[in-house]
Amino acid sequence: MSGSQSTVFGRPREFDIDEALERAMQVFWARGYDGTSLTDLTGAMGITKSSMYAAFGNKEQLFRKAVQRYAEGPASYATRALREPTARAVAEAFLRGAVRTTTSPGRPTGCLSVQGALALSEQSRPAHDVLVGWRVDAGDQLEARFRRAVEEGDLPRDADPGRLARYVMTTAFGIAVQAANGLASDTLDEIADTALLAWPT
């Protein structure tokens, strides 16, 4: 009976879904969306194209899942930073997290949200929109956190939460670009140090 049921429902997958998605994320991170082919993906994931489609959908759907994994994994520093007790500590944790993530040994340099959108074709617009939406959301969360800091008296009353959020985001993405250019983590930490000198008190 159990044998006939397994035939009806199909064989279990012969690969680790979590590991395959991790490898796909790494490829997108290193090569960007347009720079990544299906052959690149299936080769890194160790599966066939039919298995990829069955488990993850098409390339765009896989990319969405990879971005979510990146946000919840390597880039989760952004969410953790929001829990810091002061606005300055939030900004510092965000920038230090960007340094650590973009220079982590054994992983691609730079940031998936930046690298993934480089030189996208018009056909790849949905992937571009996914990354823009993610970056906008991160900026909105920072702005809301800084607005709360103004209300609580942690930031001066005349501080502009939106401007501060954009400042932190722009610096973090600049760090990611410089990491992709080969700058070491200690040099990038110096950039973060310099950026924090301008923090309102």
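Rings of Phe, Tyr and Trp pair if their centres lie within 6.5 Å. In this predicted model, such ring pairs link Phe28, Tyr33 and Phe63 into a cluster. A search of the whole structure finds seven aromatic pairs. One of them joins Tyr33 and Phe63 edge-to-face, 4.9 Å centre to centre, with 70 degrees between the planes. Tyr33 sits in the loop between helix 2 and helix 3 and Phe63 in helix 5, so the pair ties together parts 30 residues apart in sequence. Tyr33 counts as buried at 9% relative accessibility. Phe63 is buried too, at 0%.

Another edge-to-face pair is Tyr77 with Phe94: 5.6 Å centre to centre, 75 degrees between the planes. Tyr77 belongs to helix 6 and Phe94 to helix 7, 17 residues apart. Both are buried, Tyr77 at 13% and Phe94 at 5%.

Now follow helix 2, residues 17-31. Its 15 residues reach 21 Å from first C-alpha to last, close to the 21 Å expected. Asp16 caps the N-terminal end, with a side-chain oxygen 2.9 Å from the backbone nitrogen of Asp18. Just after the helix, Gly32 takes a positive phi of about 80 degrees. Buried residues of helix 2 include Ala24, Val27 and Phe28. Among the elements covering its buried residues are helix 3, helix 5 and helix 7.

The largest nonpolar core has 58 residues. Phe94 and Phe146 are among those with the most contacts inside it. Phe146 touches residues including Ala87, Leu155 and Trp199.

Finally, an unreviewed UniProt entry annotates residues 37-56 as "DNA-binding region". That span is 80% helix and 0% strand, and its end C-alpha atoms lie 15 Å apart.

Conventions
Residues are numbered from 1 along each chain as its sequence is written. Side-chain values use heavy atoms; hydrogens and water are left out. Helices (H or I, at least four residues) and strands (E, at least two) are DSSP runs, numbered from the N terminus. The expected span of a helix is 1.5 Å times one less than its number of residues. Buried means under 20% relative accessible area, exposed over 50%, partly exposed in between (1.4 Å probe, protein chains only). Contact means heavy atoms within 4.5 Å. A polar contact is a pair of N or O atoms within 3.5 Å; within protein, one must be able to donate a hydrogen and the other to accept it, and residues adjacent in sequence count only if both atoms are side-chain atoms. A nonpolar core is a set of buried Ala, Val, Leu, Ile, Met, Phe, Trp, Tyr and Cys residues joined through side-chain atoms within 4.5 Å. UniProt positions are given in the numbering used here, feature names are shortened, and annotations may be inferred rather than shown by experiment. Rings of Phe, Tyr and Trp (its six-membered ring) pair if their centres lie within 6.5 Å; planes under 30 degrees apart count as stacked, over 60 as edge-to-face and the rest as tilted. Lists of a residue's contacts leave out its neighbours within four places in sequence.
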